[in-house]
Amino acid sequence: MARDDTRTGLALVLPLIILEFIVSLYPMGYSFWLSIHKAGLIGGIQQFVGFDNYAKVFTDPFVYDAALVSLRFVAEVVFLVFVIGMGLALLLNEPLPGKSILKVIIILPWALSEFAVAITGRFFLDSSYGFLNAILLTLHLEKYGYLFLNLQNSVEWLAIFYAWNFAPIGAFFILSSLQTVPEDLYKAAKIDGASIFNRFRKVTFPYVQYSVLITLVLATIQAAGSVVISFTLTGGGPGNSSTPITLYAFRVFFQEGDYGYGSAISWLILVCVVAATTTYFLLLARRR
Amino acid sequence: MASARRRYVLYLLTLAAVVWSLSPVYQIIIASAMDPKQLISHYLYPPTPSFDNYLRLFGYIKTTAGGAIFGLAEQAIQGLENSIIVAVLVTVITMAATVPSGYALGRLKLRGRTAMVGLLLGSRTLPPVSVALPYYFYFTALHIRGTILGTTVIQMSVTIPIVAWVLMGFFSALPRDIEMSARMDGCNRFQAFARALLPLAAPGIAASAVIAFLFSWNDFFYSWLISSGSPAHTYNTFLTAFLGQSSGSAPNPTIFAASVVVQVLVAIIVAGFLQKYITSLKIVDPGTVAQ
Amino acid sequence: MSTGAKAGIGVVVVALGGVAAYEAYAASTAGNKTVTETQTSTSTQTSTATQTSTATQTSTATQTVTSSSTQAANALTFVHWSFENAQITNYIKTFDQENSWNTTEDVLDNDNYNPLLESLFASGQKVDMNYANGYEVPRLIELGYGQDFTNFPNISQIKSEMYPSIIEALSTAAGTMFGLCYYWSARPWCTVNDAVLNKTSLKGQRPVSWTDLWTQSGPTVAKAGVVQYPTIPNWFAANYGIGWDFMGEMQNVNNDPTGVKVLFNQQFQPVFDTTGPAADLLTNWASATKGGVVDPAVFSQASESDTVASGSTGNYAYVSTAFYDWQSLNLPSTSNIPVGDSNLCPPTSQQAGWGQIETGCYCWPKKTNNDKGATDMITWFGYKDEATGKRITQPAWAIAAALGSGFPDTLEDPTVIAGYQSWLGSRTNTVLNQVQQNTAAIGTPFGWKSLAFVPWLDTIFPVLGSVASGVLSVSAGLTTMLNVANSQYKTYYGST
């Protein structure tokens, strides 16, 4: 007979639902409530203003630049995560001596917190005592310390360190599906004279495309929501050049004390992230 | 021959991967073993390595290399204690909530399962900024900002979706017939779970607990918002004291490096433990349904 | 009920039980420092999360109650930022011992000190004394978190012993004092590195004004090619970096010590515009950066200590910084500049001094744990130790960190003079005279008394960075700064 486990299941899932409500849903609802009011540190929640705060987002000059920084950052992170994640996964799929040590080394960047990564980035890139400058100076490739975190490239460095942090988990995801590719397919392709690139495209990729897609989705979601790396590594960069929209929302909320407007910005960020994620998953559904 | 060249290329790539993964960690470790004058002299390795910066961090040496008093040891130690307490609490509560639900969502046939999975997935997409700020305001009004309780609750918004997700995938990937054969042998549902499934699930549950601990230990933004400036501040929050310190206390990049290494040590240990299990914690396809 | 449901309920119970057990643990070790108000002096015992405690007059169900009978009566809280924290802890120990108090320190992150402080008060936490910069306190008073010193014990006596300019700096627009002086200093003050300058045609000379620095002296040194960049100014990316530099330089160059003519007038309205003095200043900044006079690394530095560390490398001819930071440039343990080669630019007639008077003060919160404890602590730190009649913190800070004191007698104290001599050597008299002359010429921006000032500064300091580094045009930057000033003014004071 068909057993419906719903009663048991619900009892087991209940604590999760309660906690989810407390830790996620209620704050989101409260944030929406704030965003439709004029609310601030001075004066608390004042009057209902409908969608005025949301309209303000589109007329705020700082928002435009911050959104551009976010887009650039996310695009670069996704690209780097794909390249590095795929590369590391392919490498780990090969027979190599000392693989378990290698795996520990490769997963290490993922185990660090975004905050620690940002600080190591600061030490790495600093123009007076940074390691990168130490190498270049020792090799006499430059005379003075170079300012890496300058106006033009701060966002790129943020993306590089963020991808350094994220890619290992992607590599392991991709690796687990790489390991399901049957050996004989490779042999057959080699016998047919396929080049490395074609072997990858025709044989390997179909098996890993799902995990690659999941990795890129997660990378997008996390990068879009990231605030710690920009906060800590560049503080928003020289001027505002590496201030993503998340950091801007934080500043509006926290430093300007405008809770209504800050909440509106963060809701719009959420909407964009959800829209992007849904698009990804629609693509996914089609691939099935 | 081609295979020898192939091996040579592989070794080169492996070396590149190792350098890529380790060089930022290497440089912060060597920075922690130097003193400030050496640090600005661009050494690639510590010329006179010493543990002094760690001793300073924990208060055994009271002055910096330049002779100024370093007074943050008490805050550092308190931060460490608080981080450990919070991480343990977060792990326990997270596992208590997610193991049963991971089991249910991964193996049981439920109506509304898709909705619940969607809820979990949705929580993972929330940008921290959107969740944290209402919390800040809300906890402030409830007088739990700056407490261990507040920090624990807010960190769970990170750990619960991830661990529930992982466990759901993990449980659904375990062999289907384990419980069935246990029940045929006369066990009831709970015994089937405890005796037959749990031993198999144990490594995955352990790995998930480690992940929960790691995410809590690594959390910065939420715990900074909620605990900064209070006696319940976490270790990561303490680290911000180095970021904006004015020069009267003498800039201490080397002690800063040492304090970051302490934070990172936990991550290194965890990485060593986790790498075996990462591939077994398979990703779940939200479309699969337990039969 | 099925076993599965039983298991689920069991888990929930365990989880709640764990939370309750933890509450008991935390309470028993007083890990949670919120202290509840008790009308009587009996102690309150802790309880599990599901019960509210008995014997307290006021508590909400969500507040964990922790106190022991020895703590409740004399616990005090002191909120401050990070600066020489070990020294502060020593002061606290002495104060506590002498007066039988039990003070806890709450140290807030420097870079977000003001918002964190305001939120701390908003959360209802009771504070007995806190630091703040001069421009933050009017906000604290307006928000109801702090109080002015009109009714502070002995305030007229205290005022009679202070510098009038410091009293003015520490007063609201209405003229009521809002804090006792923790320190004051001048920032930004341009200093020279003679070791570098002596290799150029400007040997022995000093810039006579900021304009001179950006348009004459700086480019001359740049052409000489002895260093990569002639200057590292105080333009680090924080509100008290490039933000204060803008204010200070505007006041100096336009001979307007309080900025009421060129920055914010006495009605707190912005009087700068997209043309005029502000545009001239920012144009100079942008050209200086473009011309290689300014090290662009400063735009990426978010903290004061990074900029001072750079200055200490000795690789610049000009370093502008606060007076107390200039002390580090003179100490062999922290600086590569040869002793005696780092020197202040003296005040000249071409502009009104160097920098502005920046202050940190001891504030008097409204909701304290213990009113007497609060006033005792503020008096001890900000005035003198009434038991011995001597000033403790003022001479100590002057010696340890070259911080200005609100009381003229500090600079007459022989131990203080000896302290300055230890790092200034034969330059002591010259330097102390320069400090006196400079202080007489500069002032605190009047705009600091505005409620709208802090949110304005926090928003626009990145814009200053963008303009100075050439990313944003001067007029676009000033337009934004003006718009933000007007919109903030509207929020706090109604329409312009």
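I began with the rule for burial, under which a residue is buried if 20 or more other C-beta atoms lie within 10 Å of its own. I note here that the model I am reading is a predicted one.

Strand β5 of chain C. With that rule in hand I looked up β5(C), which covers residues 180-187, and found that eight of its eight residues are buried, so the strand is largely enclosed by the rest of the structure. I then asked which strand β5(C) is joined to, and by how many bridges. The partner is β10(C), residues 356-365, which runs antiparallel to β5(C) and is joined to it by seven bridges.

K372 of chain C. I next turned to K372(C), which I located in helix α14 of chain C, residues 371-382.

The contact of chains C and A. Last, I went through the contact, to which chain C gives 33 residues and chain A gives 27 residues. On the side of chain C that touches chain A, the elements giving two or more residues are α1 (3-28), α4 (113-122), α12 (304-312) and α18 (453-468) of chain C. Of these, α1(C) gives the most, with eight residues. By residue class, I noted that this side of chain C divides into 18 nonpolar, 13 polar and two charged residues.

Definitions and conventions: Residues numbered from 1 in each chain as written. Chains lettered and ligands numbered in written order. Predicted model: local features only at pLDDT ≥ 70, side-chain atom pairs only at ≥ 80, totals over all residues. Contact = placed C-beta atoms within 7 Å. Helix = DSSP H or I, 4+ residues; strand = E, 2+ residues; numbered from the N terminus. Nonpolar A, V, L, I, M, F, W, Y, C, P; charged D, E, K, R; others polar. Buried ≥ 20, exposed ≤ 12 C-beta atoms within 10 Å, placed from the backbone. Pairing = 2+ DSSP bridges.
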